[in-house]
Amino acid sequence: MTLYPNIYRTLAPGPMVELRGYASACGLPGRLYACLDYGGPTGTARDGLAEGMLALAAQRQVLAPGQTLIEAGSGAFAAALTLAGRTSGHPVCLAMPDNTPAARQELLSGLGAQLLFSPAREGPAGARALAASWAQKRDWYYTDWLACDDNPEYHRRVTGPAIVEAIAREGSSLVDAVFIGVGSGGTITGVGECVKAWTNDVQMVAVEPYECQALGGGLLGPHGIPDIGYGLIPENYNPYVVDKIAAISSADAARAARTVLLTDAVPASVSGGAALAAAARFLAEGRSRSALCLIPGRASLL
């Protein structure tokens, strides 16, 4: 058994599995695969990303030992950054609108984060402005995960090469399309750039909520798919490596996540369900013959 220095050394992108049960239950032609990337403490791919971004910042010598980190947000990345920061000796401060649910505030505070609040009327942009202001005034390090290139760079170095290695077959690819939900834009950019550097025969498909189509230029509204669909086009998003955009409803994403648990024992998050539903749609419509979806989060069963 391998002995690791910490949990983050175990977080290389997880296994790629074939979803035979889901494909059979849905009557899909072709082959359907999933990359399971949710082995960390938050049960999301954000764990590896948070630790990786801190390592890259330290490597660039823009993050000093013990320097306080600040980020705007209250979701999975905020929790992952809090844990990664604490385990590497960096206090963490999180800026968020003052209408953030009390339970979420309590969770993040319990993990050790200091919380700052911006007026709810200013939305996420107000929280980002507050984080940038405090970073400048106090000489804190603003991770700025929606815009900092360390986000896609992590995926260029880690997630992308792992996926290419898994799908490469003697000069060709096991799959003809890769489906990734878009939140910060780092994953689709980093993986897409890596895949496109290897071959142009694989479509990169960006997945967003049907109810909030910032990438596709549709209507923006509330939805029920956590961790994707922020209602903006992130600075980290590179449209030049994206071949198609798929919009999936919250109900379809949740249904796919529930179904794949029963058919293949894969506890996909709803955001993973969105990528899965998009891949299934392409297979059913004949737009793909062999598809890979990224499952970036694990559902809690108990």
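Modeller: The count between domain 1 and domain 2 is zero salt bridges, a salt bridge being a side-chain nitrogen of Lys or Arg within 4 Å of a carboxyl oxygen of Asp or Glu. This is a predicted model, in which local features need pLDDT of at least 70 and side-chain atom pairs count only at pLDDT 80 or more, while totals for chains, interfaces and linings use all residues. Residues are numbered from 1 along each chain as its sequence is written, and side-chain values use heavy atoms, without hydrogens and water.

Biologist: Into which domains is the chain divided?

Modeller: Bounds come from an automatic or database domain assignment. Here domain 1 comprises 7-44 + 149-295, and domain 2 comprises 68-139. Six residues of domain 1 and seven residues of domain 2 make the contact (heavy atoms within 4.5 Å).

Biologist: How much area do domain 1 and domain 2 bury between them?

Modeller: Buried area is the accessible area (1.4 Å probe) that two parts lose on being put together, summed over both. For domain 1 and domain 2 the value is about 430 Å², with 67% of it on carbon and sulfur atoms.

Biologist: In what order do the strands of the open sheet lie?

Modeller: Strands are DSSP runs (E, at least two residues), numbered from the N terminus, and two strands pair if DSSP finds at least two bridges between them. The four strands run β5-β4-β3-β6 with parallel pairing. At the edges, β5 (114-118) and β6 (141-142) each pair on one side only. Strand β4 (residues 92-97) joins β5 over five bridges; C93, for instance, has Q114 of β5 as its bridge partner.
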